[in-house]
Amino acid sequence: MLRFVLRRLLQMILVVLALSMLLFGWLRSLPGGPVSAILGERQTTERREALEIALGLDQPLPVQYLKFMDRAVHGNFGTSTKVLPGEDALVVFWSRLPATVELTLLALVIAITLGIPLGYIAARRVGSLTDTTAVIFSLVGVAVPVFFTAFLLKYFFAVEWQVLPVSGRQSTGLDATQVTGMFVLDGVLTREWDASWDALKHLILPAVALATIPFSVIFRITRASVLDVLDEDYVRTAEAKGLTARVIRGRHVLRNAMLPVVTTIGLQVGGLLAGAILTETVFSYRGVGDALATSFREKDYAVLQVLILATAVIFVLVNLVVDIAYAVLDPRIRTR
Amino acid sequence: MSRRRTVATWTTAVLAAATLASCADSQRDGEGDSGGGSGGDEGTFVFGAAGAPEMFDPYYATDGETFRITRQMFEGLLGIEPGSAEVVPELATEWEPNEDGTEWTFTLRDDVTFHDGEPFNAEAVCYNFERMFDQNEAGRVAAEYWGYVMGAYADDADNSLYQGCEATGEFEAVVSIKGPTSGFPTMLTLESLSMQSPKALEEGDANGIAAEGEGFTFPAYADSPVGTGPFTFGEYDEANGEITLERNDDYWGEQALSSEIVFRVIPDESTRRQELEAGSINGYDLPNPVDWAGLEEEGNSVEVRDPFNILYLGLNPEANPQLKDLKVRQAIYHALNREQLVQSQLPEGAAVATQFMPDTVSGYNTSIEPYAYDPDEAKRLLAEAGAEGMTLEFAYPTEVTRPYMPDPEKIYEALRTDLEAVGIKVKVASASWNGGYLDNVSGEPGKYDAYILGWTGDYDSAYNFIGTFFGNLKDNDFGTDAMPWGKQLADDLKEADAIVDEAERGAAFEKINAQIMEEYLPGLPISHSPPALVVGPGVEGVTPSPLTAEEFDTVTVGGE
């Protein structure tokens, strides 16, 4: 197991290195750049050149890349030009990460706690009204774009009924203490319960909007997988042996049906990170996704690089965890 | 295997949480501070900003979102009359040039202190000028506005407009400049040239900017600015995207009416609108013109600024030699139905432009007749020039809205239709604003034959408009370098700019404006468009500024 994990981590380093090179070249081959973003209408050839020289953007790509790597090895990943000017890009990432972790965790919890039970129930009652309704909902969930869901949610819950806030992470003037950057947790840790509650209220709409797609996918995979397993010989055997329905459900059906679901969840985390870009933008939720959108719009190279690389690392790590969970669920994999 | 291990894991987790909890103490100021409800808190004005500020030292700042915030905290020697572009006294009560316009004596207010308690006096003024003048390598590139208006820094003092500052009395400072220009002293209204506390600048190592890893790193001062204005810096809560300013109770002038201003960063325009509808912000900038009527119906007030900008169709004879012919340029101008464009694509209050500056700028020539919309004349001129059926690579920017062009694509489509109607073959080109458009337009030579772009004035100066466009012969977006009159125009502009007498200078610029439109026509001025801001019900005291330089000290937030 340890060797497996180590090998995967080594692979990850190689992946990140290759990605960093591709990313570096790709970003800089796009037209425009941070200089246009900074100068705007004031841009003249002279001023642009002066700024390019100051920021080292006039040098050949390989030289720029080597300098970047040299700095990165020393823990300096470049300086933000627009997202948080003057700040180290890695600091920007760390400061934005807790918000996104909080958001994606809640979205994932929503998707899993609704998706798996509903999928199981739908499979057990194939063709029933419950099943049909759930299937239709999951189709809608996949088909409707996140920004539209978000707009509707905001319109009804925040503007019309005013039960939840429109956007942001916490209400103005709350003066909450920040510890971890995950505001719900911070409120608990500091016993500022109102801050925790306020942060949770701000989380609900974006988390629901973000959860729609993973929920639909998890639901459908669970349903299909349970249907498959229910048809397996060993389930029939278990029934023939006279095992109770509860034991069959827990030990034979669910456990076996969970394998593809767990894989899906791992993949969905990647999807969640992508979805967070849109969701965070429309909810003015200051997480990694929002920073990614801003850095792309403003061509903030340093931040863009770090965010994409860090996202890749997270994705690889999550999938590593999923693989380990897989091994735990399926003894056959462990022995291999 | 697992029950014992599970118990152990949970125990560890609970212990860890308990440990964490014990080190995380609440750092709240006191009870009862948590309004929870946001906007509408008594005395707090919450404004939805479209973007985050760059930093808080206006000297290095370059964008409107930063200036909007720093403007509430800082003041310049000269100010701007709210609601206009007119220069009025601020920290200086009077200013007088010597005969040749190279030495300016500023009489200062004697009752001003900085937020840190330091006195404002002539020494502080000179300290500020020297601080701005004496920049390191990174600072010289980063400080865009100083470079733009003064031309150079201490390392290249001969080419700098600024030559020195002397405190000739406790409240009298003399600033020397290289030669007279229309921009001085009006440029002292620029937010970047505001007065800052010498002690705070010194202690925060304000000039310690450095270029590092594709960006600039800023010194500590940039996060703790100290000025003289009606508001002081509170905090920047980066995690929530909120900047809080507090009322300066020791302000020399009338105290601000709100005790606090909060700027909330909400990049998405429709979200800003929803926040206003939900009552959690009290106002925001640049509402989409399409929404103006709806916002008013809901009880908000849309505050329309007088236009202080120009949208033009730029022409580049370096990219398309056919454009060197005045007849071709005139033909293109006659082909454009600008009246209709203004009515259908621009917000109420927009106007057709007759020259490259709005009528509020001194030097505006009222006798210039607008080019009439006349497709037949356009066709005739094209035929005369032998350019019937000419091809024009005409470009517009995507992923951007500017005060002078709320929707570039729609404006472009209207213009393109007009051009095609007179037989010009338009080769459509576009690029995103930061993704190459500006590079293509302002490269030497520029890439497009024609493009749309514009400008919002920095202060009341003709040179700030037409000087920016045509004053730099070698490096401008209109390729005037390729035209026989290009040098003459650039020289005339510089000459007019150096006239000391205001009336005489105005007349000189009027003459140049007429020449530009009648003899040269280097580009085609299209329109002036009024940007707006919107405030919710109960908000009073916002005076829209043509320079988007609103001051919020007069704003009150009432109940609904």
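This is a predicted model: local features need pLDDT of at least 70, side-chain atom pairs count only at pLDDT 80 or more; totals for chains, interfaces and linings use all residues.

Let me begin with one pair of helices: helix 7 of chain A passes helix 9 of chain A in a right-handed crossing. A crossing is left-handed if the near helix is turned anticlockwise from the far one by less than a right angle, and right-handed if clockwise. Helices here are DSSP runs of H or I with at least four residues, strands are runs of E with at least two, and both are numbered from the N terminus. Helix 7 covers residues 146–160 of chain A, helix 9 covers residues 193–230 of chain A, and the two pack at an angle of about 150° with their axes 9 Å apart. Axes are lines fitted to C-alpha atoms, for helices over the stretch in contact, and angles run from 0 to 180 degrees between N-to-C directions. On the side of helix 7 of chain A, the contact includes A:Leu153 and A:Phe157, and on the side of helix 9 of chain A it includes A:Leu205 and A:Val208. Contact means that the C-beta atoms of two residues, placed from the backbone, lie within 7 Å. By class, the contact of helix 7 with helix 9 of chain A has 9 nonpolar, 2 polar and 1 charged residues. Ala, Val, Leu, Ile, Met, Phe, Trp, Tyr, Cys and Pro count as nonpolar, Asp, Glu, Lys and Arg as charged, and the others, Gly among them, as polar.

Residues are numbered from 1 along each chain as its sequence is written, and chains are lettered from A and ligands numbered from 1 in the order in which they are written.

Chain A as a whole has 14 helices and 0 strands. Its C-alpha atoms fill a box of roughly 85 × 55 × 40 Å, taken along the principal axes.

A second pair in chain A is helix 11 (residues 245–282) and helix 13 (residues 301–329), packed at about 175° with axes 9 Å apart. They are therefore roughly antiparallel to each other; angles over 145 degrees count as such, under 35 as roughly parallel, 65 to 115 as roughly perpendicular and the rest as oblique. Their contact has 13 nonpolar, 5 polar and 1 charged residues.

How many residues of chain B are in contact with chain A? There are 66, and they meet 64 residues of chain A. The largest share of that side of chain B, 6 residues, comes from helix 13 (residues 433–442) of chain B. By class, the side of chain B has 22 nonpolar, 25 polar and 19 charged residues. In helix 13 of chain B, 8 of the 10 residues are buried, so this helix is largely enclosed by the rest of the structure. Among the buried ones are B:Tyr437 and B:Leu438.

Lastly, helix 15 (residues 486–497) and helix 16 (residues 502–520) of chain B have axes that come within 9 Å and cross at roughly 165°. Helix 15 of chain B passes helix 16 of chain B in a left-handed crossing.

Conventions:
A residue is buried if 20 or more other C-beta atoms lie within 10 Å of its own, exposed if 12 or fewer, and partly exposed in between; C-beta atoms are placed from the backbone.
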